Amino acid sequence: HIMQQEIRLATFNVCNLALPGTKFYEDQPAYSPAEYDAKIAWIAQQLDRLDADVIAFQEIFSQLALKQVLAKTQNYQQAHHVGFDPEPQAGRLTPSVALVSRLPLAGEATTYTQLPRKLSVILPGVATPVTSFTRPVLRAEVMVSETLGVNVFVCHLKSKRPDYRNGSNEDDPDQLGIAVLRSLLRRSTEALGLRYLLTDYANGKRVPMIVMGDFNDVAGAVSTQLVMGIGRYNRNGIDGR
């Protein structure tokens, strides 16, 4: 078998993909059946236009909804789809990530909820330390040839949306500053946690890895650079070892 010469990768934040009638955020109404049908039809159209072999998704409130998207496509009805719905006991509904691949997958997909190496951070004004990713990281091994597998990690780091807490006055500039700082600290901590996760997974071996998703910042941001490995990379962001 000849190895496919070009592998197309894409990442897609689908902006709150939830089933109709599901209240996904307190300040946003649930989708009506008509709104839902229009949303999944549009996403399916975009996927066919992308025509990528491997697609990372963010903001999936229901893996069933993503399955219904794939059923509406021309190019992904037979694709492999891995993802996990939010834990029912989590208290509130949170979006998760997913991976869709037209290439075969090896083994089971895994998720990482806890930050590795007992990493934690205390956020200003919050008693309980952060010890987990806002959205769990997903890993799956994609077989790009019969003998070569690539580990694809899908992430969605904490957004820049200010992290207000109960009783915060959102009109107070000082409260806004603290809320923005909380988000920054959490995103940076998750970025370092993701870097630890990648380093520990490779464990000194040359393991092909691709990290895709929504980093909620630009490539030159400190949090993004943390994932890439500050201090171990040359100026082009390529591992020099």
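Here are some numbered notes on the helix packing, the sheet and the salt bridges of this predicted model.

1. Ground rules. The model is predicted, so local features need pLDDT of at least 70 and side-chain atom pairs count only at pLDDT 80 or more, while totals for chains, interfaces and linings use all residues. Residues are numbered from 1 along each chain as its sequence is written, and side-chain values use heavy atoms, leaving out hydrogens and water.

2. The buried side of H2. Helices (H or I, at least four residues) and strands (E, at least two) are DSSP runs, numbered from the N terminus. In helix H2 (residues 63-71), the residues Gln63, Ala65, Leu66, Val69 and Leu70 are buried, where buried means under 20% relative accessible area, exposed over 50% and partly exposed in between (1.4 Å probe, protein chains only). These residues cover an arc of only 155° around the axis, so they sit on the same side of H2; the arc is that of the directions from the helix axis to the C-beta atoms.

3. The open sheet. Four strands line up in the order E1-E2-E4-E3 with mixed pairing (two strands pair if DSSP finds at least two bridges between them). E1 and E3 are at the edges with a single partner strand each, so one side of each has no neighbour in the sheet. From one strand to the next, the twist averages 20°. Axes are lines fitted to C-alpha atoms, for helices over the stretch in contact, and angles run from 0 to 180 degrees between N-to-C directions.

4. Pairing and packing. E1 and E2 run parallel and are joined by six bridges; asparagine 13 has glutamine 58 in E2 as its bridge partner. H1 packs on the sheet through E1 and E2, its direction making about 175° with that of E1. H2 also packs on the sheet, touching E1, E2, E3 and E4, at about 30° to the direction of E4.

5. A salt bridge across the sequence. With a salt bridge defined as a side-chain nitrogen of Lys or Arg within 4 Å of a carboxyl oxygen of Asp or Glu, the count is seven. In one of them, arginine 117 pairs with aspartate 200, the closest N and O atoms being 2.6 Å apart. Arginine 117 is in the loop between strand E5 (105-114) and strand E6 (132-143) and aspartate 200 is in helix H3 (residues 173-202), so the pair ties together parts 83 residues apart in sequence. Arginine 117 is partly exposed at 48% relative accessible area, and aspartate 200 is partly exposed at 36%.

6. A pair within H3. Glutamate 190 and arginine 186 form a salt bridge with closest N and O atoms 3.6 Å apart. Both glutamate 190 and arginine 186 are buried. They are four residues apart in helix H3, or about one helical turn.

Key:
Contact means heavy atoms within 4.5 Å.
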